[in-house]
Amino acid sequence: MESKPSIPEEIPTFTATLIIRRFDPEVDDEPRWQDFDVEMHGTDRVLDALHKIKWEQDGSLTFRRSCAHGVCGSDAMRINGRNRLACKTLIKDLDISKPIYIEAIKGLPLEKDLVVDMEPFFDSFKSVNPFLMAGGLPQGGKERKQSPVERARFDDTTKCILCAACTSSCPVFWTDGQYFGPAAIVNAHRFIFDSRDENAQVRLDILNDKEGVWRCRTTFNCTDACPRGIQVTQAIAEVKQAILRGKP
Ligand code: SF4
Ligand code: FES
């Protein structure tokens, strides 16, 4: 006789303590830290903990998120002192014997709780012309062809989701908000090394500025912070080389 399928035991839970840096510009002069205890499952992410707090404990907790799956780039935050996406960070992978510290990314104006003003970040991004610039009609009048090798040349930097984890982990950006920052340079790289683009020199001239690539001190914070695994520091180094020697 066939045995009946066993009923799964209840999924175990654990309590995680989150200490979140709060700031309400209408009430607070300075940011303050607030503790929350949350019941979590092993599959829960930091984003799930934030949702639980917002929905069950304090509806005023403010943070950005959209896709919840590492695609939109809207929930970069400092988790235990390191820039990460809340939706890609499993609570069980953090040391839950200690509180988990969560705060907004650094170097951009704090608006409320975990939300910063992203306008300066996007201004830098826009200033490097992050779009294909190709004049005239393509050969044959239909399409701009590219070989697999040519496409592979800039594949890494196509993966950027503009989360700002790199730029807001950069000590140069913290001290000088005028610096273009790693994300803008990554997005310039994406088009500088695209064989179909005809205006690499325009971007190289922009990034040869005193607030451009030469401010980079090669600390690798940006590469460590990138949730897409982009070799950010290498991309910056390649742009520096292209400024000195011309686009290869
Ligand atoms: S390079 Fe990486 S860390 Fe920087 S904005 Fe793009 S995805 Fe985010
Ligand atoms: S919510 Fe979209 S990347 Fe995390």
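Of the contacts in the protein with a separation of 6 or more, 65% are between residues 24 or more positions apart; two residues are in contact if their C-beta atoms, placed from the backbone, lie within 7 Å. This is a predicted model, in which local features need pLDDT of at least 70 and side-chain atom pairs count only at pLDDT 80 or more, while totals for chains, interfaces and linings use all residues. Residues are numbered from 1 along each chain as its sequence is written, and chains are lettered from A and ligands numbered from 1 in the order in which they are written.

The C-alpha trace spans about 65 × 65 × 30 Å along its principal axes. The secondary structure comprises eight helices and seven strands, where helices (H or I, at least four residues) and strands (E, at least two) are DSSP runs, numbered from the N terminus.

Turning to strand pairing, two strands pair if DSSP finds at least two bridges between them. Strand S1 (residues 13-22) runs antiparallel to strand S2 (residues 32-41), and 10 bridges join them; Ile19 has Asp35 in S2 as its bridge partner. S1 also runs parallel to strand S5 (residues 100-103), with three bridges, and there Leu18 is partnered by Ile100.

The domain assignment, which is automatic or from a database, gives domain 1 (13-116) and domain 2 (119-138 + 148-245). Their centres, taken over C-alpha atoms, are separated by 28 Å. Domain 1 brings 13 residues to the contact and domain 2 brings 14. On the domain 1 side, strand S4 (residues 82-85) gives the most, with three residues.

How is H5 itself placed? It is largely enclosed by the rest of the structure, because 11 of its 11 residues are buried, meaning that 20 or more other C-beta atoms, placed from the backbone, lie within 10 Å of a residue's own. Its buried residues include Ala183, Asn187 and Arg190. Their cover includes helix H2 (119-127), helix H6 (200-207), helix H7 (221-225) and helix H8 (232-245). Across the protein, 38% of the 248 residues count as buried.

Definitions and conventions: A residue is buried if 20 or more other C-beta atoms lie within 10 Å of its own, exposed if 12 or fewer, and partly exposed in between; C-beta atoms are placed from the backbone.
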